[in-house]
Amino acid sequence: MAAIIPPGTVAWGLQLPIQAQSTLFVEPWEADATTDDLVAVARAADRAGALYVGVCEHVAIPEPHDESMGTTWYHPFTTLGFLAGVTRSVRLLSHVIALPYHHPLEVAKAFTTLDRLSGGRAIVGVGAGHLEREFALLGVPFAERGRWVERSLPAIRAALDDEYPVLPDGDWGLDGSVGVAPRPVQASVPIWVGGSSPAAIRRAADLGDGWLPQGVRLRDLPGIVARVRARREAAGRPAAFDVGALFVCHVGDPAWDVGRCLAGPPEQVAEGLRPWIEAGANQLQVRFRSRDAAELVDQVERFGAEVAPLLTP
């Protein structure tokens, strides 16, 4: 598998509201939001030409982390499957699942099924996880999380690509072949790897088709992209590779305090995003400030109609 964003173009997407309500980024209106609100935003992204909508993962938030992270985190596989039925073309991304919480065949099965049900729209987004007490709660060794990701990703890739995969690294305890079906619609479901540590970037380059940073400085991005491409070239992997960047935006002159974010007329927002594209990002994940679901729908539609056309050279 290689990059899914055509060369010379720029895509955008969004982590959906409501499904994750960390106090670090949730808007006040989301606490009382409905399923209809979630569907409205997803369908707006569909209409507006977003590449994807994203759903993230936490299983259970131990105290005292609930004070900052909240406790509302929808199950990603369940939510993405639901969204497949209410959208038409937007891709469905897990951004991200904590891979050490899952057996690789479970992940492969979830995404071959999602891809089949959605008509070929799944993107697997994975990370190592970060909340040590949640690992302990689930009985998963926190110190082994990086090794688990590196061991799991080749197995997931094999099961996504082949109904009877040859699983690497000791066959995961299996004696003989194993079948994984239903099969996906895509010839090869893309895998994007999240995280901004050197180890996460290395895993993305070596084992993924794209990178989902959790935070990176603009001045560091060109060097990271160059190292990723060099590493992939040395390994004989496709040079094309999808590189993400994260932003908080408000399109238009806000009539309320939107805080620190990229705000203003479409041309101004596009101008603020352009240096990241020039530095090597071809996938922009945007979070829009909003006071209710209707305003968020409007923001998504305005970005798709007025900002996105200005981003691709």
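Helix α1 is built from 14 residues and reaches 20 Å from its first C-alpha to its last, close to the 20 Å expected at 1.5 Å a residue. The model described here is a predicted one. The helix covers residues 35–48, and its N-terminal end is capped by T34, which places a side-chain oxygen 3.3 Å from the backbone nitrogen of D36. Just after α1 comes G49, which takes a positive phi of about 90°.

Several residues of α1 are hidden from solvent. L38, V39, V41, A42, A44, A45, D46 and A48 are buried.

The packing with α10 can be described in more detail. Two packed helices are described by the angle between their axes and the distance between the axes. For α1 and α10 (residues 293–307), the angle is about 10° and the axes are 8 Å apart. Angles under 35 degrees count as roughly parallel, so α1 is roughly parallel to α10. On the α1 side, D37, A40, V41, A44, A45, R47 and A48 take part in the contact, and they meet A293, L296, V297, V300, E301 and G304 in α10. By class, this contact of α1 with α10 has nine nonpolar, one polar and three charged residues.

Helix α10 also packs against α9 (residues 266–279), at an angle of about 80° and with the axes 10 Å apart. Angles of 65 to 115 degrees count as roughly perpendicular, and α9 and α10 are therefore roughly perpendicular to each other. Here P266, V269, A270 and L273 in α9 meet R302, F303, E306 and V307 in α10. Sorted by class, the contact of α9 with α10 has six nonpolar, no polar and two charged residues.

Between α9 and strand β10 runs a loop that holds N282. With a relative accessible area of 13%, N282 is buried, because buried means under 20% relative accessible area. The side chain of N282 forms a polar contact of 3.1 Å with the side chain of D242. A polar atom of the N282 side chain also lies 2.8 Å from the backbone nitrogen of V243. Not counting residues up to four places away in sequence, N282 touches I5, T9, V10, A11, F241, D242 and V243.

Next, Q283 is found in strand β10 (residues 283–288). Q283 counts as buried, at 2% relative accessibility. Its side chain is joined to that of Y52 by a polar contact of 2.7 Å. Leaving aside neighbours within four places in sequence, Q283 is in contact with I5, A11, Y52, W192, L212, V243, G244 and A245. Among these, I5, A11 and V243 are also touched by N282.

Another loop, between α5 (132–138) and α6 (145–161), contains F142. Not counting residues up to four places away in sequence, F142 touches H130, L131, E132 and F135. From C-alpha to C-alpha, F142 and P100 are 8.6 Å apart in space, and they are 42 residues apart in sequence.

Technical notes
Residues numbered from 1 in each chain as written. Predicted model: local features only at pLDDT ≥ 70, side-chain atom pairs only at ≥ 80, totals over all residues. Heavy atoms only, no water. Axes fitted to C-alpha atoms, helices over the stretch in contact; angles between N-to-C directions. Helix = DSSP H or I, 4+ residues; strand = E, 2+ residues; numbered from the N terminus. Parallel < 35°, antiparallel > 145°, perpendicular 65-115°, else oblique. Contact = heavy atoms within 4.5 Å. Nonpolar A, V, L, I, M, F, W, Y, C, P; charged D, E, K, R; others polar. Expected span 1.5 Å × (residues − 1). Buried < 20%, exposed > 50% of the residue type's maximum accessible area, 1.4 Å probe, protein only. Polar contact = N/O pair within 3.5 Å; in protein donor to acceptor, adjacent residues only side chain to side chain.
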